[in-house]
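Please read the following points alongside the sequence and the model.

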Amino acid sequence: MDVNSDRKRVLIAATVLAFAIIIVKLFAIQILSSEYRLSAENNALKYETKYPARGLIKDREGRIIVGNKTTYDIQVTPYYVKEFDTLEFCRIFDIDTSFINEKFRYYRQYRTRIGYQSMTLLKQVPGEKYNMFVEKAFMFPGFSGTPRTSRTYNYNAGGNLLGYISEVDQNFIDKHPEYRSGDYAGRTGMEEAYESLLRGQKGYTIYLRDAHNQIKEHYRNGEMDVTAVAGVDVVTTIDAELQAFGERLMKNKVGSLVAIEPSTGDILTMVSSPGIEVSQLAEISKYYNEIISDPYKPMFNRAVMSPQPPGSCFKIVNGLIGLQEGVVRPSTMYPCHHGFIMGNLRVGCHGHASPLDMYHAIATSCNSYFCYVFKAVIDNPKYGSVRASFNKWKEYTESFGFGVKLGTDIPSEQAGTMPTAERYDKLHGKNRWKALSIISLSIGQGEIGCTPLHLANFAATVANRGYFYTPHIQKDTPECPIDERFKVKHYTMVDSCHFVEVVKGMRMSVTGGTSRVAAVPGVEVCGKTGTAQNPHGADNSVFICFGPMDNPKIAVAAYVENAGFGATWAAPIASLLMEKYLNGEISPQRKDLERRISETSLKHKVRVKKK
C-alpha cells in the first residue's frame, strides 16, 4: 500500500470537510440568522427608547392615590446641532443660558466619545412647555423630545408610605443590571416594595441611518420594534381618606400612627410625622437636600424604623404571660402603695384604689400590680433558674411579634430590641441577676424597644384573642394576589381564654379608667394607655386600642414623642382615627377634641440637632 497516497487522500478529505463546515456556518450567519445580521448592521441603526407608563397605586376602595402625567425629556444630538437662538430656547424652558453654555462645553470636549449619540438635556419637562418647543422646533435642529410619565398625587398624604422614584445611578445599575442609565426606579416606600410590578417593560423603535448618518426610515418596516408594556396597577390596603385624616391629627407632632384590620392584617393607615410632603415627591431631586437637612428627619419612617419603649401598653403582655403560666389569676389581688416597694427598690405609681385585681390594674394602669406579676413569672420555681424562666418569658414575647421583624412588605422594617440573658450576664454578672434586677421590663421600660407597627400588631393580636396576620400594604386581589405568607395565622403561646380576661380590663380602662378620653359614641372601644420614659426629654405618649370589642374592625397604635401622658395626646389621636373609620365622621361632642388635637403643635418638645 502507498502510504503517501493514503496521507494525501486523508488531507484532501479533511480540507474538503473544513471548507464545507465554513460554508454551512456562513450560510447560517448571513442567510438564516437575523440576529447576526442585525448585529452587523448595528452601526447604521438608531434605537429610540419607548418608556412604559408606570402602574397606578390605588387605595383599598379603588381610588387612585398615585397616578401619571405625561412629561418629556429633551434630547440633543450634538453632532446635528447648528447655531440656534439660545435666548429663545432658554425662555421656552425657563432655564439660564449658563446651563446651556456649560452643557455644550462638555459636548465639545467629548465630541469624539459622544459621536452620533443623543444626550438627555432636560428631564420631566411639562406638556405646556414641550408644546411651546414643538411650535418652534424648526429653530432648534438636533433637539427632540421623548415622552415619559411622572407621578401625580391625588391626596396630600402618605409621602413616606408611598415613597418616591428617581433616576438610577451607577451604584444601582451595578446591583440591578436590567436597568440602564436614564431609567427610573422606586427608591423608598411602596414604589420600592412593588417596583417589579409597577415599572413595566421598556420598548424601542429602530430607525435606519443613511450614509450621511441621517435618519432614513423604520428598520425593516418596524417588524423588529418592541412595544412598551405598561406597569401593573397595585391596590393597597390603605384607606386614602383615613390616611389624610390621620396626618391632620399628627400634624406638627413627632411620632407615628398605625391602624390595622385585625381580620386580615391589612394596614389601613400608616402615618410617620413629620413626613415627606407629597408635593415634593414628584420632584424629589429638587427638594432632596432640603429634606435630608431637616433635623426632624422626614424621610425616616418612624412607624417601622423607630424602636421605642412601649411603656404601660406592655403590661398587657406580662399579664397574659402570667395567666398562661398560672402564677396569677384575674381575681388575684396585689397592693399598690403609690408604687411597688421591695427592700430598697421602688417603682412609683399614681394614686388609685388598693389592693386591686388584674381587671382594675389594667384599667388604672397600675405599675405595682404588674411588677408583682413579672416577679412571679421570672421567679417561677418550676424552671429551676432565673435564666431559664427569663428565656421562657422572652419566647412568649417573641410569639407576640416583639423583638423580631414581622416580615411585612414595607421596606426598612426594624425588629426592635429585646434583651437576652447574655446581656444581663454582662450587666450584672453571670447568675447574679434576678427578677428585681430587670423589673423595669414589667412596665415596658428598660432594654425593650418596639416600633409603632409592633404595637398596632399587638393591638390586633389582642383583638383576635391570640393570633395575628403579618401586616401588609398590598391588597389581595384576583389580578394581583398577595404572597401566601400574609394569609397565615400566627398564634401566640397564650391560650385565647386568657385574652378574654385582659380584654375586659381594656374595656374597663375606657369606661372608667385611664383611657376614658378614648370613648367613642356607639362603639365598644378597648384601650390601654402608656407613658414611656424617655432619656432624651419628656415622656412619650402611647396608646393602643381596638373596636368594636366583640367584632373588631380596626386596631390602632399612636406614639407621640415627648408629649407626656398617654391619655393626653396618643389616646385622643388613636380614638379619633377609629371613630372616623367606624362611623365615617366625628361626633359633635368630640369636635372640640378633634380641633385641639389637629391644631396643637408638639414638635418643639422634641430635642433635635439643628444644622
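1. The largest pocket has a volume of about 1,300 Å³, where a pocket is, on a 1 Å grid over the protein atoms alone, an open set of points where a 1.4 Å probe fits, with protein on both sides within 12 Å along at least five of seven lines, and where lining residues have an atom within 4 Å of a point. Grid points are joined across faces, edges and corners, and the volume is the space filled by probe spheres set on the points. This is a predicted model, in which local features need pLDDT of at least 70 and side-chain atom pairs count only at pLDDT 80 or more, whereas totals for chains, interfaces and linings use all residues. Residues are numbered from 1 along each chain as its sequence is written, and side-chain values use heavy atoms, with hydrogens and water left out.

2. Of the 40 residues lining the largest pocket, Lys 46, Tyr 47, Gln 75, Ser 118 and Met 119 are the closest to its centre. Strand 1 gives the most to this lining, with 6 residues; helices (H or I, at least four residues) and strands (E, at least two) are DSSP runs numbered from the N terminus. By class, the lining has 12 nonpolar residues, 15 polar and 13 charged, with Ala, Val, Leu, Ile, Met, Phe, Trp, Tyr, Cys and Pro counted as nonpolar, Asp, Glu, Lys and Arg as charged, and the others, Gly among them, as polar.

3. The structure holds 29 salt bridges, each a side-chain nitrogen of Lys or Arg within 4 Å of a carboxyl oxygen of Asp or Glu. One of them pairs Asp 233 with Lys 58, the closest N and O atoms being 3.9 Å apart. Asp 233 lies in the loop between strand 9 (215-218) and strand 10 (234-235) and Lys 58 in strand 2 (residues 57-58), so the pair ties together parts that are 175 residues apart in sequence. Asp 233 is partly exposed at 32% relative accessibility, as is Lys 58 at 22%; buried means under 20% relative accessible area, exposed over 50%, and partly exposed in between (1.4 Å probe, protein chains only).

4. Arg 60 and Asp 266 form a salt bridge with their closest N and O atoms 3.4 Å apart, and both residues are buried.

5. Within helix 23 (residues 591-599), Lys 591 and Glu 594 lie 3 residues apart, about one turn of the helix, and their side chains meet in a salt bridge of 3.5 Å, N to O. Lys 591 is partly exposed at 37%, whereas Glu 594 is buried at 14%.
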